[in-house]
Amino acid sequence: MRLITHNMLQCHVKNCNDNNFPLRLEEVEVELIEADFQPEFLQNIVGKLEWPAFVNTAVQLGNTSLPATIPDNAKDNEEFLKVLHSALLETHVQQGKMVCPNCSHVYPIKDGIPNMLLAEHEI
Amino acid sequence: MSRPEHIAPPEIFYGETEAVKYTENSRIAAIQAEMAYRALELLNLPEDEPAYILDIGCGSGLSGEILEEEGHIWVGMDIAPSMLDVAKDREVEGDLFLQDAGQGMAFRPGTFDGAIRYLKTKRFYGIWEIPWLCNADKQINNPKARIARFFSTLYSSLRRGARAVFQFYPENDDQIQMLTDTASKCGFEGGLLIDYPNSKKAKKYYLCLFAGQADGHKNRMPTALGEDGSEHPAVASVEFEKRRIKERRRTDKRRPVKDKKWIMHKKETVRARGDRAVVADSKYTGRKRKPRF
């Protein structure tokens, strides 16, 4: 699972509506897998990201290269886009679990595939 | 023809062997590719801009690979773990999730630029021949609730003006009615699109849904293919025509077998063997007869 997807995920247990983002990563194994650099995609996606949550997650995983706020000239700043690309699209979480900060539901991650299935009473 | 969704739920039907078989079948790959290209066309994404696309029920990532080729970033979800394992082995680029579409999706609002799917309606009905699933809690197997939950979470996870395209094979009109009703109750615009409506083989149902309206754009239903009576390219041309011509040519070349040369050769071999009497050769041997008239 790439960090971009982690930034889009929230807990979907029934009645867990507040404070259900971002899911806390625990006991994670991270792997870097190269991907094609697509500046157009990054320019589009940067507005959709929850930036503080994204930076926090990156720091948790040991990546401190991201600035605390999005620079003003984000769209043309190639250096920034490159850093963003490597954190967003090349950092894969392979093992571990995600925990909802509100209801503490645990979503296990195995071989890079998070298990988002819920039990009957959680739907 | 039996449908997989009648036999067993996907997480059981697509076990390890089925998952590999499904992925290696070239016919299925071709169908998936055609569906993916058509769905991409219907999504009407802005040109030359990589988009973030959700593939619901991505399976082994056959349609995801096409999204990759077109330069999009995709996220796939499926309920069959074996299919996801196959996808993982094939090193697809998209992120994969083990998730049941009927349970809704866990994405933040406004995430995706589009969603595509090859929809198996039975999955939402939760009516399996397997008794232990039939006996399950009514609440979770209620098809309407599952579809409603799916559409409403999908609606919120799409960005404004994004589209969702589903290809499906309806079993009856009630199913179509129920899907379109639920979709519009959940806020979607759009409706059903039927490609090649007059063709038995190439007829395809697409559910084309719009999640709201982007600024300055008016949602227009795309036009269906083949409505003017034109045929699907694969159906219109005769299959194996080349092979048939080749076969005909081969039969033309064949000479009548029993000409003079053949008879002489036959006699020679029998004589060499020496176990039967052979009639002596004469000027009449193997001679062509006159026509009767």
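Chain B holds 14 helices and 7 strands, where helices (H or I, at least four residues) and strands (E, at least two) are DSSP runs numbered from the N terminus. This is a predicted model, in which local features need pLDDT of at least 70 and side-chain atom pairs count only at pLDDT 80 or more, while totals for chains, interfaces and linings use all residues. Residues are numbered from 1 along each chain as its sequence is written, and chains are lettered from A in the order in which they are written.

- Of the 293 residues of chain B, 34% count as buried, a term for residues with 20 or more other C-beta atoms within 10 Å of their own, the C-beta atoms being placed from the backbone.
- Leaving aside residues up to four places away in sequence, B:A39 touches B:I116, B:V165 and B:Q167, contact being defined by C-beta atoms, placed from the backbone, that lie within 7 Å.

**Side facing chain A**
- In chain B, 24 residues are in contact with 26 residues of chain A.
- Strand 2 (73–78), helix 6 (81–89) and strand 3 (95–98) of chain B each give two or more residues to this side, and the largest share, 4 residues, comes from strand 3.

**Record**
- UniProt, in an unreviewed entry, lists residues 53–116 of chain B as "domain: Methyltransferase", an annotation that may be inferred rather than shown by experiment.
- The end C-alpha atoms of residues 53–116 of chain B lie 8 Å apart, and the span is 27% helix and 30% strand.

Key:
Two residues are in contact if their C-beta atoms, placed from the backbone, lie within 7 Å. A residue is buried if 20 or more other C-beta atoms lie within 10 Å of its own, exposed if 12 or fewer, and partly exposed in between; C-beta atoms are placed from the backbone.
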